Amino acid sequence: MSLNAESTAFRSALEVIRAVEPRVADAIGAELADQRESLKLIASENYASPATLLAMGNWFSDKYAEGTVGRRFYAGCQNVDTVEALAAEHARELFGAAHAYVQPHSGIDANLVAFWAILADRVESPALKKAQVRQVNELTEADWFALRRELGNQRMLGMSLDAGGHLTHGFRPNISGKMFDQRSYGTDPATGLIDYDKVAEAAREFKPLILVAGYSAYPRKVNFRIMREIADSVGATFMVDMAHFAGLVAGKVFTGDFDPVPHAHIVTTTTHKSLRGPRGGMVLCGPELADQVDRGCPMVLGGPLPHVMAAKAVALAEARRPDFADYAQRIVDNAQALAEGLTGRGAKLVTGGTDNHLVLIDVTGYGLTGRQAEQALLDSGIVTNRNAVPQDPNGAWYTSGIRIGTPALTSRGLGTAEMDATAELIHTVLTQTTSGESKAKYVLDPALADKVSKQASELLTGFPLYPGVDLG
Ligand code: PLP
């Protein structure tokens, strides 16, 4: 029997790799096996298509291509130009953006490109010019302080980490926390929702240069029209990091006030989460910021990754197909079914539910920390991650929440009935787990964990991952 194209491609690739370093070929095969078996509910992960994966494994990886399409610092970039221009065109068309920069290697990098573009656009500063020609990592804490002072101690207002914001929005572990004088807005303690009046108040008091919207763990829509009005009222540049929900924007689930592209001055994203592309980032903006954004490499980025840009072009072409809109809607339907399944069984959810791709369970209701719950679920074949909840009593390490997302399982074809079954499995594990002698320790009967693991794999049997790929 002849093999299909996908199986032939991946088998042949592994055979070629195995001839050089068999342990790498084995690890790649094992990774597929593991992913096939696990109930993957990590909100930031997905399964890229075979075409997207294959577009990355080739000789584009060998090419240097600093610069932009048609303006390179290296000769012989005509084929890189083709894929970069295609990826940018698909991105512009898909999101209705005037300009797309598809070189960022990740979401963090896309945000750095945006921050520097905004600073360069908004601030006239000799110190900034100096910083732009020096290696950023050569600047000391004192340099940054001097630079901030000269730049006018530029301010950023973003969502707080425990309300679901991301550390690249001005928090210490990321350089944005050193570059900017940061203040954050949280959520209403009673509802868990963004209180736009409070954001406006903070903006009036703080007068930020940049107002950032976007999140990693907020289970609701954000009204970007209102956020833009707030930014305009204080003369701030409005930036949206749509890393998590780009797939929902692409699939037209988030439209009107909830589509960031018409409202923000600049939008950043990853390409590998709900958008289901290769691991990477992207920046969208209007013509005013385009020149600065295009200086991303070498300003803050290493040389472009042409093989990843080729894969971005493939994934974005896929996202422009009508069936992607159906996929995006199913992501949200599934998240809502999961939320209903959990609340119906007594779980406490941050904001009480969801209108995007993720659900945040407050596991204090089960007498557990996020760390204990995450491990107990993992023992039971359910892959999630712990996450802080607003005003988290257990801090950012142990946390009190479990974040669950549906993009990956929706890619496998699971639907609302399976989400209810998933809610049952999660609830069973969390009710049967008890807290141990520390915030990391817990007690769960191994026989129960085993039983749930089997049920989780049974749930997946009707939904094979990469059904066209048979590694033999
Ligand atoms: N922005 C947001 C909102 C994110 O959730 C993440 C990743 O989790 C990032 C940026 C960073 O993306 P990356 O891991 O690709 O650098």
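Student: Which atom of the ligand does the polar side-chain atom of Ser216 lie 2.8 Å from?

Tutor: A polar contact is read as a pair of N or O atoms within 3.5 Å. In this predicted model, a polar atom in the side chain of Ser216 sits 2.8 Å from an oxygen atom of the ligand. The side chain of Lys273 also places an N or O atom 2.7 Å from a ligand oxygen, while Gly107 contributes through its backbone, with an N or O atom 2.8 Å from an oxygen atom of the ligand. Taken alone, the ligand would expose 390 Å², of which the protein buries 84%.

Student: Turning to Asp109, where is its place, and is Asp109 buried or exposed?

Tutor: Burial is judged by relative accessible area, with under 20% counting as buried. Asp109 belongs to helix α5, which spans residues 107-122, and Asp109 is classed as buried because its relative accessible area is 18%.

Student: Which residues is Asp109 in contact with, leaving aside its neighbours within four places in sequence?

Tutor: With those neighbours within four places set aside, Asp109 is in contact with Pro104 and Leu301. Separation in sequence and in space can also be read together: Asp109 and Thr268 are 159 residues apart in sequence, yet their C-alpha atoms are 9.4 Å apart in space.

Terms used. Residues are numbered from 1 along each chain as its sequence is written. This is a predicted model: local features need pLDDT of at least 70, side-chain atom pairs count only at pLDDT 80 or more; totals for chains, interfaces and linings use all residues. Side-chain values use heavy atoms; hydrogens and water are left out. A polar contact is a pair of N or O atoms within 3.5 Å; within protein, one must be able to donate a hydrogen and the other to accept it, and residues adjacent in sequence count only if both atoms are side-chain atoms. Accessible areas come from the Shrake-Rupley method with a 1.4 Å probe; for residues, only the protein chains shown count as cover. Helices (H or I, at least four residues) and strands (E, at least two) are DSSP runs, numbered from the N terminus. Buried means under 20% relative accessible area, exposed over 50%, partly exposed in between (1.4 Å probe, protein chains only). Contact means heavy atoms within 4.5 Å.
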